[in-house]
Every structure is written in C-alpha cells, then in structure tokens.
Amino acid sequence: MAVSALEAEQCFSNPHTKRRSGEDLLMLGRTDGGRMLFLVYEQQKNGVVRVYSAREMTDGERRIYRRHAR
C-alpha cells in the first residue's frame with residue numbers, strides 16, 4: 001500500500017518518532033492512524049522537508065521503534 005504525503009507528514013509531528021541523522025536522514029514514525037513507517041528525507045536550510053522514500057517498517061524496524069518510542 002502506498003504512503004500518502006499526509007501520512008509522511010504525520011510522522012514528523014508524532015512525539016514518539018525516532019530519527020537518525022548522518023549523511024541520510026532516517027525516521028521511524030507512526031501516523032495518526034497507527035501505521036508504522038520508515039522514511040528517508042532531507043531537511044533544507046529554509047526548513048522545507050523533502051521525503052525521498054516512505055514505506056512500511058520491517059519487523060526488525062518495528063522492534064527498534066517500540067524499544068525507543070516509550
């Protein structure tokens with residue numbers, strides 16, 4: 001099932017989102033409807049966020065998310 005722009009946006013406002021920065025910005029987040037997503041994105045200097053990829057989390061990513069998103 002495709003990820004909508006609204007679902008990706010909801011992950012950024014979720015207080016339990018897990019982000020990892022480095023060369024690529026990665027995010028494990030949850031939508032308002034409870035969908036658990038993995039995102040690859042870029043945040044520009046002017047604050048604009050560009051999402052390059054969004055998909056359902058794998059089982060391993062879900063375990064990591066649950067461990068850190070308490």
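**Exercise 1. Which residues is M57 in contact with, leaving aside its neighbours within four places in sequence?**

Step 1. Take the cut-off: contact means heavy atoms within 4.5 Å.
Step 2. Leave aside the neighbours within four places in sequence. M57 is then in contact with L28, G29, M36, L37, F38, R62 and Y65.

A note on the model: it is predicted, local features need pLDDT of at least 70, side-chain atom pairs count only at pLDDT 80 or more, and totals for chains, interfaces and linings use all residues. Residues are numbered from 1 along each chain as its sequence is written, and side-chain values use heavy atoms, with hydrogens and water left out.

**Exercise 2. Find the residues that make up the largest nonpolar core.**

Step 1. Know the terms. A nonpolar core is a set of buried Ala, Val, Leu, Ile, Met, Phe, Trp, Tyr and Cys residues joined through side-chain atoms within 4.5 Å. Buried means under 20% relative accessible area, exposed over 50%, partly exposed in between (1.4 Å probe, protein chains only).
Step 2. List the members. The 8 residues are L26, L28, M36, F38, V40, M57, Y65 and A69.
Step 3. Assign elements. Helices (H or I, at least four residues) and strands (E, at least two) are DSSP runs, numbered from the N terminus. Two or more residues come from each of β2 (25-30) and β3 (36-43). β3 gives the most, with 3 residues.
Step 4. Look for another core. One of 7 residues lies apart, and its members include C11, L25, L39 and Y41.

**Exercise 3. Is T17 buried or exposed? Describe its surroundings.**

Step 1. Locate T17: the loop between α1 (5-13) and β1 (18-20).
Step 2. Apply the cut-off. T17 counts as buried because its relative accessibility is 17%.
Step 3. Check polar atoms. A polar atom of the T17 side chain lies 2.4 Å from the backbone oxygen of C11. For the backbone oxygen of N14, the distance to a polar atom of this side chain is 3.0 Å.
Step 4. List what T17 touches, not counting residues up to four places away in sequence: C11, M27, L28, G29 and Y65.

**Exercise 4. In what order do the 4 strands form the open sheet?**

Step 1. Recall the rule: two strands pair if DSSP finds at least two bridges between them.
Step 2. Read the order: β1-β2-β3-β4, with antiparallel pairing.
Step 3. Find the edges. β1 and β4 (49-56) each pair on one side only.
Step 4. Inspect one pair. β3 and β4 are joined by 7 bridges. V40 has S53 in β4 as its bridge partner.

Terms used:
Polar contact = N/O pair within 3.5 Å; in protein donor to acceptor, adjacent residues only side chain to side chain.
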